[in-house]
Amino acid sequence: MTDNALPGAAPASPRGVALAARGVTKRFPGVVANADVDFELRQGEVHTLLGENGAGKSTLAAMLCGLYQPDEGQIFRLGQAIRLRSPREGLAHGIGMVHQHFRLIPRFTVAENVVLGDPQQSFIMKPSEAEDRVAQISERFGLPIDPRAVVSDLTVGQRQRVEIVKVLYRGADVLLLDEPTAVLTPPGSQRSVRHRPVDDQRRQGGRLHQPQAR
Ligand SMILES: Nc1ncnc2c1ncn2[C@@H]1O[C@H](COP(=O)(O)OP(=O)(O)OP(=O)(O)O)[C@@H](O)[C@H]1O
Ligand SMILES: [Mg+2]
């Protein structure tokens with residue numbers, strides 16, 4: 001976590017703050033997507049970011065998880081200025097994002113999708129081991145999913161659960177969800193992210209973060 005902390009940067013954000021943005025600006029050709037944004041997430045908090053289409057919600061979340069880099073301003077993790085050059089670096093800092101458009105491989109199983117591409121895996125994991133690990137996360141976070149199911153057989157709500165499990169599997173304790181309810185029916189959205197994963201973590205002092213729901 002210290003390897004890409006900015007050298008010599010004074011902690012401008014207190015250590016109890018899980019994640020913060022200070023004066024963050026992001027420009028795309030012809031548009032300022034985020035202008036001088038401040039944001040602060042404390043441990044156990046759940047935030048919802050509201051704004052009309054094009055307001056810059058996804059862009060902010062993308063900077064917080066390492067997908068985009070700010071043109072100005074800084075991101076702080078536990079009080080330390082960090083520079084995230086990729087989502088992989090974001091995950092190394094415990095920050096994970098679930099995107100609006102899923103990135104699962106339909107013909108692979110749930111467990112294969114979760115384990116696939118994990119930078120911690122330097123060897124091929126046995127399917128049974130991957131399934132056990134996925135089952136543990138599913139149980140711990142109250143996200144019921146069959147690790148052996150093939151993703152193409154799952155409903156949209158179940159696929160979203162797989163994406164969340166995938167991020168949790170990589171150790172994220174700050175979870176950014178981009179429009180998590182947009183793809184779900186109302187009952188599905190109630191079940192999916194509003195209840196157990198977030199509430200359980202709050203009770204346990206976790207830091208799951210929901211930046212955007214409509
Ligand atoms: N990769 C990109 N290249 C160029 N412009 C972009 C890019 N990503 C976002 N923008 C622009 O930045 C602005 C903010 O977009 P962003 O997607 O962050 O908004 P949003 O609040 O997430 O909108 P929505 O509710 O539609 O998802 C928009 O004007 C958008 O067109
Ligand atoms: Mg968006």
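Mentor: We begin with a definition: helices (H or I, at least four residues) and strands (E, at least two) are DSSP runs, numbered from the N terminus. Aspartate 36, for example, has its place in strand β2. This is a predicted model, in which local features need pLDDT of at least 70 and side-chain atom pairs count only at pLDDT 80 or more, while totals for chains, interfaces and linings use all residues. Residues are numbered from 1 along each chain as its sequence is written, chains are lettered from A and ligands numbered from 1 in the order in which they are written, and side-chain values use heavy atoms, with hydrogens and water left out.

Trainee: In what order do the strands form the open sheet?

Mentor: Two strands pair if DSSP finds at least two bridges between them. Here 4 strands form an open sheet in the order β2-β1-β3-β4, with antiparallel pairing. The edges are held by β2 (31–42) and β4 (80–82); each has a single partner strand, so one side of each is left without a neighbour in the sheet. β3 and β4 pair in the antiparallel sense over 3 bridges, and glutamine 80 in β4 is the bridge partner of arginine 77.

Trainee: Which side chain meets that of arginine 77 in a salt bridge?

Mentor: Side chains of opposite charge can pair when their charged atoms come close. A salt bridge is a side-chain nitrogen of Lys or Arg within 4 Å of a carboxyl oxygen of Asp or Glu, and the structure holds 7 of them. Arginine 77 meets aspartate 173 in one, at 2.7 Å from N to O. The pair links distant parts of the chain, 96 residues apart: arginine 77 in strand β3 and aspartate 173 in the loop between α5 and β6. Arginine 77 is buried at 3% relative accessibility, whereas aspartate 173 is partly exposed at 23%.

Trainee: Which residue forms a salt bridge with glutamate 129?

Mentor: Glutamate 129 bridges to arginine 133, with the closest N and O atoms 3.0 Å apart. The two are 4 residues apart in helix α4 and therefore separated by about one helical turn.

Trainee: At what angle do α4 and α5 pack?

Mentor: Two packed helices are described by the angle between their axes and the distance between the axes. Axes are lines fitted to C-alpha atoms, for helices over the stretch in contact, and angles run from 0 to 180 degrees between N-to-C directions. Helix α4 (residues 127–140) and helix α5 (residues 156–169) pack at about 100 degrees, with their axes 10 Å apart. They are therefore roughly perpendicular; angles under 35 degrees count as roughly parallel, over 145 as roughly antiparallel, 65 to 115 as roughly perpendicular and the rest as oblique. In contact (heavy atoms within 4.5 Å) are Arg133, Val134 and Ile137 of α4 with Val165, Leu168 and Tyr169 of α5.

Notes:
Buried means under 20% relative accessible area, exposed over 50%, partly exposed in between (1.4 Å probe, protein chains only).
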